[in-house]
Amino acid sequence: MNTVTLIAFILGAGTIAFDHLVHKLPHWLAVVLYSAAVVLFIIGMIAARKTGG
């Protein structure tokens, strides 16, 4: 698995876990974090396709 894709999964899961288990996040911060995770996931998929794995 590509490192960037792994970071995207960790960012998304960390956002969910923090929001549900530790403290509620403001909506604007959750949107920014989820958007960053989606962008990183797409970049990781494109990089994996270019390297063939």
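This is a predicted model: local features need pLDDT of at least 70, side-chain atom pairs count only at pLDDT 80 or more; totals for chains, interfaces and linings use all residues.
**Entry 1: helix H2**

I started with H2, which runs over residues 27-51. I counted 25 residues in H2, and from first C-alpha to last it reaches 36 Å. That is close to the 36 Å I'd expect at 1.5 Å a residue. Just after H2 I checked Gly 52, and its phi is positive, at about 85°.

**Entry 2: what's buried in H2**

Which residues of H2 are buried? I noted Ala 30, Ala 37, Gly 44 and Ala 48. Then I looked for what covers them, and the cover includes helix H1, residues 3-22.

I took a second look at Ala 48. Its relative accessibility is 16%, so Ala 48 counts as buried, the cut-off being under 20%.

**Entry 3: how H1 and H2 pack**

How do the axes of H1 and H2 cross? I got an angle of roughly 160°, with the axes coming within 7 Å. That makes H1 roughly antiparallel to H2, because the angle is over 145 degrees. I put the crossing down as left-handed.

By class, the contact of H1 with H2 has 14 nonpolar residues, four polar ones and no charged ones. On the H1 side I listed, among them, Val 4, Thr 5, Ile 7, Leu 11 and Thr 15. On the H2 side the list includes Leu 33, Leu 40, Phe 41, Gly 44 and Met 45.

A reminder to myself: an α-helix has 3.6 residues a turn, so residues three or four places apart point the same way.

**Entry 4: Thr 5, from the H1 side**

Is Thr 5 buried or exposed? Thr 5, which sits in H1, has a relative accessible area of 5%, so I wrote it down as buried. I skipped its neighbours within four places in sequence and found Thr 5 in contact with Phe 41, Gly 44 and Met 45. Gly 44 is also one of the buried residues of H2.

**Entry 5: Leu 33, from the H2 side**

Next I picked Leu 33 in H2. Its relative accessibility is 24%, so Leu 33 counts as partly exposed. What does Leu 33 contact, leaving aside its neighbours within four places in sequence? I found Leu 11, Thr 15 and Leu 25. Leu 11 and Thr 15 are among the H1 residues that meet H2. I checked Leu 21 too: Leu 21 and Leu 33 are twelve residues apart in sequence and 17 Å apart in space, C-alpha to C-alpha.

Conventions: Residues are numbered from 1 along each chain as its sequence is written. Side-chain values use heavy atoms; hydrogens and water are left out. Helices (H or I, at least four residues) and strands (E, at least two) are DSSP runs, numbered from the N terminus. Buried means under 20% relative accessible area, exposed over 50%, partly exposed in between (1.4 Å probe, protein chains only). The expected span of a helix is 1.5 Å times one less than its number of residues. Contact means heavy atoms within 4.5 Å. Axes are lines fitted to C-alpha atoms, for helices over the stretch in contact, and angles run from 0 to 180 degrees between N-to-C directions. Angles under 35 degrees count as roughly parallel, over 145 as roughly antiparallel, 65 to 115 as roughly perpendicular and the rest as oblique. A crossing is left-handed if the near helix is turned anticlockwise from the far one by less than a right angle, and right-handed if clockwise. Ala, Val, Leu, Ile, Met, Phe, Trp, Tyr, Cys and Pro count as nonpolar, Asp, Glu, Lys and Arg as charged, and the others, Gly among them, as polar.
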